[in-house]
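Please read the numbered points with the model open.

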Amino acid sequence: MLVVDDEPGIRSGVERILRNFTVSYPFLEDEIGFNIVEAETGEAAIEIIQKQPPAIVLLDNKLPGIQGIEVLEYINANQPNILVMMITSYASLELAVKATNIGAYDFVPKPFTPQELKASMENIAKHFFLRQMTRKLHKEGKQVRFQFLTVLSHELKSPLNAIEGYLRMMQEKQTGDKIDDYAEPIERSLSRIQAMRNLIMDLLDLTHIESGKRRRDLREIDLVLVAKSALDTMTPMAVQRDITLELVNDEPQPIFADSDDMEILLNNLISNAVKYNVKGGWVKCEAGHTESHIYCKVSDSGIGINEEDLSKLFQEFTRIKNPQSKNVSGSGLGLSIVKKIMELYSAEVKVESKPGEGSTFTLLFPLPNSIIANEGI
Amino acid sequence: MPTAKKTILIVDDDIDYLYQLRFHVEKMGFEVVTAESQREAEQLLSTMKPDLAILDLMMENEDSGFILSYKIKRKYPEIPIIIATAVAAETGMSFGISSEQERKWIKADLYLEKGIRPDQLHREIIKLLKL
């Protein structure tokens with residue numbers, strides 16, 4: 001980090017404050033420390049930047065020769081990767097705004113406390129490393145993965161926060177002295193734990209599919225039989241919600257596939273159809289073939305999906321939120337799992353839906369089915 | 001109690017977190033109004049004006065909290081806003097505070113990591129409301 005300020009006191013102060021200061025970051029093994037280089041004038045700063053560009057410049061605006069803002073302009077034109085933190089006096093807020101508008105990362109008002117400087121430096125250092133990491137990941141085509149992890153960490157932390165909050169309330173006896181006073185928090189905590197377990201199971205499914213490591217056992221199986229067993233699995237939940245499950249045709253529909261894959265597909269579709277349904281509704285499942293495809297259709301009388309949400313449906317961690325779906329628990333991974341499996345079979349999943357009327361998901365496997373399984377299987 | 005009449009809007013799509021936060025904030029002596037989504041909050045804000053807002057960041061959009069914050073500040077610049085998130089700095093990249101344009105309109109008075117202790121939160125609220 002390069003500190004540019006004409007006051008020696010500020011430079012040595014910054015040096016003193018940051019000498020032993022480190023920033024840690026969950027994705028990094030090492031802590032980030034600061035190596036500090038000093039410059040007394042803008043001209044000297046530019047010379048250093050030319051010779052050995054720093055990661056961060058802490059830049060005072062009021063300098064004896066050229067002004068800080070000109071150094072900032074130089075950096076933007078020549079070394080746009082350098083992050084600039086402007087030091088400005090409280091009186092010149094306008095300048096600070098101007099500086100951020102023309103490319104300074106942020107500003108610290110002067111006089112600042114060691115704490116304020118550390119907070120700003122922590123911020124900018126994290127930004128620097130995130131950006132570096134993002135670029136690297138992007139190069140490796142792993143950015144998507146990183147975003148996935150970001151959302152995943154959110155999805156895993158939320159239930160922990162909720163459960164922790166309830167436990168604290170109990171620990172501090174916030175709503176009473178008896179265990180019965182906490183029946184609701186206990187019930188909610190258990191339900192969050194269950195949801196988290198489901199998320200982990202789905203995550204494992206997804207990882208297996210993506211890694212391609214799981215051996216797929218491809219053989220001729222009966223799709224109708226798989227559908228039957230998926231319907232059976234969902235029967236208890238359907239009964240609870242007064243939803244009728246129906247298998248439309250009984251004739252066997254042979255398909256050349258891995259039975260675990262087919263189970264995951266149908267379990268996901270049928271459980272969605274039950275979960276996002278209305279009391280007294282129905283779910284129908286039908287398997288068969290046309291000249292070009294083997295198909296399996298799951299339709300429901302549920303809450304439906306509006307057009308805007310349809311496009312997001314198969315993305316990871318998408319959960320369509322509306323008043324009707326807010327009490328439904330899910331990992332947000334089910335349909336992205338469905339899509340990934342279908343891709344392995346060079347097959348397609350189609351969805352038609354009308355809000356308030358219901359949805360139909362159709363799995364379409366191209367015929368002849370025996371040519372499947374070329375890639376990754 | 002000078003805090004008695006202040007109204008705090010809490011927006012979070014996690015019903016458990018919302019319940020807990022409401023519990024603690026009410027215990028501090030504030031009036032609490034809640035919403036479970038960005039959309040619901042926007043509707044609420046057309047009919048009421050809170051003294052302070054605590055917003056979750058990721059709701060129906062991954063930057064719902066910012067959008068709400070922007071809209072509240074545009075209508076009532078004087079309302080202090082706290083953005084609370086379970087992700088803290090890790091999301092820095094996914095909603096890109098890095099880009100100039102976004103930074104210009106993101107205006108919250110305080111960012112908090114979820115899991116903050118109620119007494120800490122209370123102090124921050126008092127500071128922001130200048131009580």
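In what hand of crossing does α8(A) pass α9(A)? The first point gives the answer after a word on conventions.

The model is predicted: local features need pLDDT of at least 70, side-chain atom pairs count only at pLDDT 80 or more, and totals for chains, interfaces and linings use all residues. Residues are numbered from 1 along each chain as its sequence is written, while chains are lettered from A and ligands numbered from 1 in the order in which they are written.

1. The crossing of α8(A) over α9(A) is right-handed, that is, the near helix is turned clockwise from the far one by less than a right angle. Helices (H or I, at least four residues) and strands (E, at least two) are DSSP runs, numbered from the N terminus. Helix α8 of chain A covers residues 223–240, and its axis lies 9 Å from that of α9(A), at an angle of about 40 degrees. Axes are lines fitted to C-alpha atoms, for helices over the stretch in contact, and angles run from 0 to 180 degrees between N-to-C directions. The two helices α8(A) and α9(A) are therefore oblique to each other (angles under 35 degrees count as roughly parallel, over 145 as roughly antiparallel, 65 to 115 as roughly perpendicular and the rest as oblique).

2. Contact here means C-beta atoms, placed from the backbone, within 7 Å. On the α8(A) side the contact includes Leu223(A), Ala227(A) and Met234(A), and on the α9(A) side it includes Met262(A), Leu266(A) and Ile270(A). Its residues divide into 12 nonpolar, four polar and one charged (Ala, Val, Leu, Ile, Met, Phe, Trp, Tyr, Cys and Pro count as nonpolar, Asp, Glu, Lys and Arg as charged, and the others, Gly among them, as polar).

3. Helix α9 (residues 259–275) also meets helix α11 (residues 334–344) of chain A; their axes come within 10 Å and cross at roughly 145 degrees. This crossing is left-handed, with the near helix turned anticlockwise. Among the residues in contact are Ile264(A) and Asn268(A) of α9(A), and Val338(A) and Ile341(A) of α11(A).

4. The buried residues of α11(A) include Gly334(A), Leu335(A), Ile337(A) and Leu344(A). A residue is buried if 20 or more other C-beta atoms lie within 10 Å of its own, exposed if 12 or fewer, and partly exposed in between. The cover over the buried residues of α11(A) includes α7, α9 and β11 (348–354) of chain A. Just after α11(A), Ser346(A) has a positive phi of about 50 degrees.

5. Beyond its neighbours within four places in sequence, Ala227(A) contacts Leu247(A), Leu266(A), Cys285(A), Ala287(A) and Cys296(A).

6. Pro159(A) is placed in helix α6 (residues 143–171) of chain A. Pro159(A) is buried, with 22 other C-beta atoms within 10 Å. Its C-alpha atom is separated by 7.2 Å from that of Ile193(A), 34 residues apart along the chain.

7. Chain B contains five helices and five strands, in the pattern β-α-β-α-β-α-β-α-β-α along the sequence. Of its 131 residues, 40% count as buried.

Methods:
Two residues are in contact if their C-beta atoms, placed from the backbone, lie within 7 Å.
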